[in-house]
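I opened a new notebook page for this structure. These entries record what I looked up, in the order I took the topics.

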Amino acid sequence: MDDFSDRRPAHVLVLPGGRPVGTTPARPWHPPQVRMRLFAGALRGRLRKYGIAVDLVDYRYRGWNDDHLSPVRDGLRAIESVVRRRGDVRIGLVGHAMGARAVAHLAGQHGVESLVALAPWWPTDDADLIPAGRHLLVAHGTEDTRTDPRAAQSQVMAAGQRGVHARWRPLPGGGHFLLADPHWWADTTADFLTCTLSGKPTTCPGDDHAS
């Protein structure tokens, strides 16, 4: 059972998608950054009343870049910045595609409690990196042709068996870029973060699909 007595402040970081390889600088006008800046704004509007802050993680490079793990490094810096500014906070991470892969790699950081993976790119069973006890929601369009929803669901089930509080939420007919029913993606994410970070007892999205 969740501990709803924890009233520490909460802070959410949103991580955009990207490319497997891309060493050119990420720019604010690139589509992944634009997409998730708008998404972060939608979350901010929904979570403000619960005192949950939302920031977009700025990337230096456009790609994952093999062992360099470029977005993971940027995510680490963002987490460290939040902790310096706000102290002991409950941290939520939201990532789309490559950003969801970074979220899995950042899940073990101190203070991270809640994870949302949207259409995750998890090519090497990256969800195995998520420690037991974390809250995880994976939302995926069933018609996504860029990242595999069946593989994502399988990793959610495996995470649940390891003690992750894992939930699966499919969007029938949805694709990869969060364009089909954009309110569904934002509402589902915001409701889950409210459930897991606000300290208020609510029903989490995906409870009916919990692994």
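This is a predicted model: local features need pLDDT of at least 70, side-chain atom pairs count only at pLDDT 80 or more; totals for chains, interfaces and linings use all residues.

**Entry 1**

How many strands form the open sheet, and in what order? I found six, ordered 2-1-3-4-5-6, with parallel pairing. Strand 2 (52-56) and strand 6 (165-171) are the edges; each has a single partner strand, so one side of each has no neighbour in the sheet. Neighbouring strands in this sheet are turned against each other by 15 degrees on average, direction ignored.

**Entry 2: pairing, strand by strand**

I began with strand 1 (residues 10-15), which pairs with strand 3 (residues 90-96) in the parallel sense over six bridges. Strand 1 is also joined to strand 2 by five bridges, and these two run parallel.

I then checked the faces of strand 2. Ile52, Val54 and Leu56 make up the covered face, while Ala53 and Asp55 make up the uncovered one.

**Entry 3: the helices**

Helix 1 (residues 31-47), together with strand 1 and strand 2, makes a right-handed β-α-β unit. Strand 5, helix 4 (residues 149-161) and strand 6 make a right-handed β-α-β unit too.

Next I asked which strands helix 5 lies across. Helix 5 (residues 182-197) lies across strand 1, strand 2, strand 3, strand 4, strand 5 (135-141) and strand 6, and runs at about 165 degrees to strand 4. Helix 2 (residues 70-86) lies across strand 1, strand 2, strand 3 and strand 4 (112-118), at about 160 degrees to strand 1.

Helix 3 (residues 98-106) is mostly covered, with eight of its nine residues buried. Among the buried ones are Met98, Arg101, Val103 and Leu106. The buried residues of helix 3 pack against strand 1, helix 2, strand 3 and strand 4.

**Entry 4: the nonpolar cores**

I kept one general point in mind: in soluble globular proteins, nonpolar side chains tend to be buried together. The largest nonpolar core in this model has 34 residues. Those with the most contacts inside it are Leu15, Leu93, Leu115, Trp122, Ile130, Leu136 and Val138. Which element gives the largest share of this core? The answer is helix 3, with six residues.

A second, separate core has 27 residues, including Leu43, Leu56, Ala139 and Cys204.

Leaving out residues up to four places away in sequence, Trp122 touches Ala100, Arg101, Ala104, Ala117, Ala127, Leu136, Val138, Ala152 and Gln155.

Ala117, one of those contacts, lies in strand 4. Why does Ala117 count as buried? Its relative accessible area is 1%, and buried means under 20%. Apart from residues up to four places away in sequence, Ala117 touches Gly95, Ala100, Trp122, Leu137, Val138 and Ala139.

**Entry 5: aromatic pairs**

The structure holds two aromatic pairs. Trp64 and Trp121 form an edge-to-face pair, 6.1 Å centre to centre with 85 degrees between the planes. This pair links distant parts of the chain: Trp64 is in the loop between strand 2 and helix 2, Trp121 is in the loop between strand 4 and strand 5, and they are 57 residues apart. Trp64 is buried, at 3% relative accessible area.

The rings of Trp184 and Trp185 have centres 5.0 Å apart and planes at 85 degrees, so this pair is edge-to-face. Trp184 and Trp185 are both buried.

Setting aside neighbours within four places in sequence, Gln33 is in contact with Pro16, Gly17, Ala26, Arg27, Pro28, Leu56 and Tyr59.

Methods:
Residues are numbered from 1 along each chain as its sequence is written. Side-chain values use heavy atoms; hydrogens and water are left out. Two strands pair if DSSP finds at least two bridges between them. Helices (H or I, at least four residues) and strands (E, at least two) are DSSP runs, numbered from the N terminus. Axes are lines fitted to C-alpha atoms, for helices over the stretch in contact, and angles run from 0 to 180 degrees between N-to-C directions. Contact means heavy atoms within 4.5 Å. Buried means under 20% relative accessible area, exposed over 50%, partly exposed in between (1.4 Å probe, protein chains only). A crossover is right-handed if, with the strands pointing away from the viewer, the path from the first strand over the helix to the second runs clockwise. A nonpolar core is a set of buried Ala, Val, Leu, Ile, Met, Phe, Trp, Tyr and Cys residues joined through side-chain atoms within 4.5 Å. Rings of Phe, Tyr and Trp (its six-membered ring) pair if their centres lie within 6.5 Å; planes under 30 degrees apart count as stacked, over 60 as edge-to-face and the rest as tilted.
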